[in-house]
Amino acid sequence: MQEPISSPAAPNPLLPIQNGIKGLVEKLSRIKHQVTETVDGSKAIGTGFGITFKHYAEQQLKLKPSLTIQYPEERREQFPRTRWRHALTRYDSGLEKCIGCSLCAGACPARCIYVEAAENTDEHRISPGERHAVRYEINMLRCVFCGYCQDACPTGAIVLRKDFELASYTRNDNLYTKEMLLEPAKSAAVPLDETAVADQAKA
Ligand code: SF4
Ligand code: SF4
């Protein structure tokens, strides 16, 4: 016997309304999210501008000292133990403090110091000791400004000063020679005398 064909289910008349409400809820949710994001973003921008304006007003009204240094016309004060450009120093007599012992080169972790020593003679005296540095070089490209060379030097010959303007245009400019490192004498160099011996004892 043939089965009766069942009749199709009747369409839900409320379905379009339900879909419409669902779409409306999703749209409202998206709008709410966008509004929240806009408000949060505006708050962040307002906070940023507020800080900028506060600092600007403080600067204009001179409530706080300026943090901006007008370099190079103005220089920031450096810390007392700042270590920058090296210098080879002299005694007051004009004699060089360096005795060519190479202890600075041995202490240098970057191996960037080269010292070549030569004997002093009574006719040609450069330093109070037996020897002096006839050649002294520092490769500043390798230097890490640790100051170990200064610490190792027994005579206080090599020191790191506060001159930080070390920029150059060529690699060779960064190879500092003795002539570049040696500070000028305060007075004309004189032969080893009591002043130099006293200076050496003080060092
Ligand atoms: S400061 Fe340090 S790295 Fe530079 S030359 Fe002296 S010991 Fe070497
Ligand atoms: S700078 Fe000092 S440690 Fe270096 S070679 Fe001269 S005396 Fe020796």
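Analyst: Ligand 1 has 14 residues around it, and Cys108, Cys143, Cys146, Tyr148 and Cys149 come nearest; a residue belongs to such a shell if its C-beta atom, placed from the backbone, lies within 6 Å of the molecule. By class, this shell holds 13 nonpolar residues, one polar and no charged. Here Ala, Val, Leu, Ile, Met, Phe, Trp, Tyr, Cys and Pro count as nonpolar, Asp, Glu, Lys and Arg as charged, and the others, Gly among them, as polar.

The model is predicted: local features need pLDDT of at least 70 and side-chain atom pairs count only at pLDDT 80 or more, while totals for chains, interfaces and linings use all residues. Residues are numbered from 1 along each chain as its sequence is written, and chains are lettered from A and ligands numbered from 1 in the order in which they are written.

Ligand 2 is also surrounded by 14 residues, with Cys98, Cys101, Cys104, Cys153 and Ile158 the closest. Its shell divides into 11 nonpolar, three polar and no charged residues.

Several of these names return in the largest nonpolar core, which has 16 residues; Cys98, Cys104, Ile113, Cys149 and Ile158 touch the most other members. Such a core is a set of buried Ala, Val, Leu, Ile, Met, Phe, Trp, Tyr and Cys residues joined through C-beta atoms within 7 Å. Buried means 20 or more other C-beta atoms within 10 Å of the residue's own, exposed means 12 or fewer, and partly exposed is in between, with C-beta atoms placed from the backbone. Strand S2 (113-119) and strand S3 (131-139) are the elements that give two or more residues to this core. S3 provides the largest share, three residues. Helices (H or I, at least four residues) and strands (E, at least two) are DSSP runs, numbered from the N terminus.

Two strands pair if DSSP finds at least two bridges between them. Seven bridges join S2 and S3, and Val115 has Tyr136 in S3 as its bridge partner. On the other pairing, S3 and strand S5 (residues 175-176) run antiparallel over two bridges; there Ile138 has Tyr176 as its partner.

Two loop residues stand out by backbone angle. Ser102, in the loop between S1 and helix H2 (103-107), has a positive phi of about 70° although it is not a glycine. Ser102 is partly exposed, with 17 other C-beta atoms within 10 Å. Phe145, also not a glycine, has a positive phi of about 55° and sits in the loop between S3 and helix H3 (148-152). Phe145 is partly exposed as well, with 16 other C-beta atoms within 10 Å.

Helix H1 (residues 15-60) gives another picture: none of its 46 residues is buried, so H1 lies largely in the open.
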